[in-house]
Amino acid sequence: MSAETAASPGKRAGRSALTEYTQRYASQIGITVAFLLLWAVFIVLAPGTFTSDLIYKSFAQTTPYFAIVAMALTMVIVAGDIDLSFPSIMALGMVGFVWVWDATGSTALGVLSALGVGAAAGLFNGLVVTVVGLPSLVVTIGTQFLFRGLTLVLVAGKSFALVDTRGDPARELLNAKPFGIPMEFWWLLLVAAIAWVLLNRHRLGANTYIIGDNKQTAGLMGIPIARTRIILFVLTGVAAALAGMMNSLQIVNFYPNMGSGYLLPTLAAVFVGGTSVFGGRGSIYGTFIGAFMIGGIAAGIIAVGLTDFWTNLIYGAIILISISIHAILQRRFQR
Amino acid sequence: MSTARAANGDAPAGEGSGPRQRGTRCLELRGVHKSFGGVRVLEDVDFHLDRGEGVGLLGDNGAGKSTLIKIITGYHQPDRGSLLFDGREVHDLTVQKARELGVETVYQERALAEQQPLWRNIFIGRDITNRAGILDVAQMRRITERLMTEEMGFTSAVLTPDTTVTGLSGGERQGLAIVRALHFEAEIIILDEPTMGLSLKETEKLLHFVEGIRGKEKSAIFIDHNIFHVYSVADRIVILDRGRVAGDFPTSRYKLDELMDIMREVASTGTYSPDRRGNGAAAAESAEGLASA
């Protein structure tokens, strides 16, 4: 606040613009280095697989199924909340798709219906969290069961063949492969770009950071806390419905347990990417890289000649190493 | 803060309307009650603030000072009673509305987001955006940089608009909170225990700064439990005790030691009765002072 306090702190003197930059992007730099190292290991150990474009085309299709949700989830977690119900929303959205598609014969209307159901499910999460005033962790554990149960009851446990959607332009929009690259990946790029703008260059994101950093400050400074949190849950619901639809249309089948395997990889992608579980800090770029690390490990393990038994062990190790790197960088650069 | 300049080119124009002359009543609270879970925190509180006036709000811990402030800033809503800004009653005041009416607060808790860069802290809740809500980050960084050098006196090159609050000292944080309050053309500036945790020298600077506010036809409410900090810069001292206004004393008519006696009496009896002081002239004056209580 004064000239002498500003001039005195010698401990801060000598920090250059480069250090400032490193400090700002420490987490992103860390995750990028970890990603490149992992990639290098796979290329060295399995050059046949990792120098061919086939494996990358496969990643480009399978990783978005959880990476798209991870983008919205990153914002929820930056706001200091969490959503564990998205795997169930992936399936519940498909109920909306199947019903409307069955009734109207229109795939496009089915797509809109699924997105609407996803938004409604997210709105429900957001309202319970903010209006009843419960921690989102607890609420979304509850709605994870609720939405899955609703899905099972509504379709009576049956699965649906979606073969008839083949050739429909609405389906092509989600599953085609323009230029040999799956639409899933193009959608991921679009969703990531939108998420980045919202979080870093939009009022919504500005409020998200403050809410996650310090709710009291947010309240005292007049930030619409409840509205912001609800919007983030809605976005996650929509993202989950989109991912669930792509997944189902890709395998031309919808079964009511679809999505349940995506809970942990999605969370892992967000945390490996450097987003803080305590809120207030996180990056879309980190989640993007984190998602491809998580997405690449399973295939990489097989390709380098290890059995599938190793998968979880290596997942665990990489997750722990990544979050430790983030914690150490954080402590080093933020005093 | 080397200077206490409130008006500057980038700040939004002052909101609200009406003549803003010295002496007109800019804020009034009538019969305000507030309870939390059955505990009465404020009871039938009347309070007013004139333009260009500095009021010291004193009282022990738990007297209701912070709650009174949070009602004025729209953070809490009173259970009963009314709030008037520039003579007009305002219903359902929110923080956003209060800020639009020109109320700015420097909170005891500082109300900062520690892990966020300085520029985000300056613009919490009112980022500069286009109509689609897209932030003008470059502009906000630029303004923050200017405020840092011109208003906060941060000359060190290692502090940039992107430095996080975790990198600031206590005094620097206080400076940030005050400059933020000033940047947005506040009409009423509320300082909630602003001297807490500050060094002697920093406190002195702060008091200077409060004098500066009054010189600019802005009004200030200065909350403290230390009368020494408040007396020299306040036109009036309002003493709160256990949720009630125990007295309202113009500093032009009460000496510091008189006020200290009064405060002591209030602390032990909950009220202040002028007769007991045995000084006829002073008693008459204090009765006048109590008239608004």
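**Notebook: sheet and helices of a predicted model**

I began with chain B, where an open sheet of 6 strands runs in the order 6-7-8-3-9-10 with mixed pairing; I count two strands as paired if DSSP finds at least two bridges between them. Strands here are DSSP runs of E with at least two residues, helices are runs of H or I with at least four residues, and both are numbered from the N terminus. I noted that strand 6 (103–106) and strand 10 (244–250) of chain B stand at the edges, each with a single partner strand, so one side of each has no neighbour in the sheet. On average, neighbouring strands of this sheet are turned by 20° against each other, with direction ignored.

Before going on, I wrote down that this is a predicted model, in which local features need pLDDT of at least 70 and side-chain atom pairs count only at pLDDT 80 or more, while totals for chains, interfaces and linings use all residues. Residues are numbered from 1 along each chain as its sequence is written, and chains are lettered from A and ligands numbered from 1 in the order in which they are written.

**Pairs within the sheet**

I looked up strand 3 (residues 54–58) and strand 9 (residues 236–241) of chain B, which run parallel and are joined by 4 bridges. Within this pair, Leu57(B) has Val238(B) in strand 9 of chain B as its bridge partner. Helix 5 (residues 170–183) of chain B packs on the sheet, where it touches strand 6 and strand 7 (188–192) of chain B, and its direction makes about 175° with that of strand 6 of chain B. For such angles, axes are lines fitted to C-alpha atoms (for helices over the stretch in contact), and the values run from 0 to 180 degrees between N-to-C directions.

Strand 6 of chain B pairs with strand 7 of chain B in the parallel sense over 4 bridges, and I found Val106(B) opposite Leu191(B) in strand 7 of chain B. Which residues of strand 6 of chain B are buried on its two faces? Val103(B) and Thr105(B) are buried on one side, and Glu104(B) and Val106(B) are buried on the other. A residue is buried if 20 or more other C-beta atoms, placed from the backbone, lie within 10 Å of its own, exposed if there are 12 or fewer, and partly exposed in between.

**Other parts of chain B**

I then turned to strand 1 (residues 25–36) and strand 2 (residues 39–50) of chain B, which pair in the antiparallel sense over 8 bridges. Their hairpin has 2 residues between the strands, and in it Gly37(B) takes a positive phi near 55°. Strand 1 of chain B is also joined by 5 bridges to strand 4 (residues 80–85) of chain B, and these two run antiparallel. Leu27(B) has bridge partners in both neighbours, Leu49(B) in strand 2 of chain B and Phe85(B) in strand 4 of chain B.

Among the buried residues are Lys65(B) and Lys70(B). Just after helix 1 of chain B, Gly74(B) takes a positive phi of about 85°.

For chain B as a whole, I recorded 9 helices and 10 strands, with 49% of its 293 residues counted as buried.

**Helix pairs in chain A**

In chain A, the axes of helix 6 (residues 64–78) and helix 14 (residues 225–250) come within 8 Å and cross at roughly 180°. Helix 6 and helix 14 of chain A are therefore roughly antiparallel to each other; angles under 35 degrees count as roughly parallel, over 145 as roughly antiparallel, 65 to 115 as roughly perpendicular and the rest as oblique. The residues of this contact divide into 18 nonpolar, 2 polar and no charged.

I compared helix 15 (residues 263–272) and helix 16 (residues 284–303) of chain A, which pack at an angle of about 130° with their axes 7 Å apart. Helix 15 and helix 16 of chain A are therefore oblique to each other.

Lastly, I looked at Phe86(A), which lies in helix 7 (residues 86–104) of chain A and counts as buried with 34 C-beta neighbours inside 10 Å.

Terms used: Two residues are in contact if their C-beta atoms, placed from the backbone, lie within 7 Å. Ala, Val, Leu, Ile, Met, Phe, Trp, Tyr, Cys and Pro count as nonpolar, Asp, Glu, Lys and Arg as charged, and the others, Gly among them, as polar.
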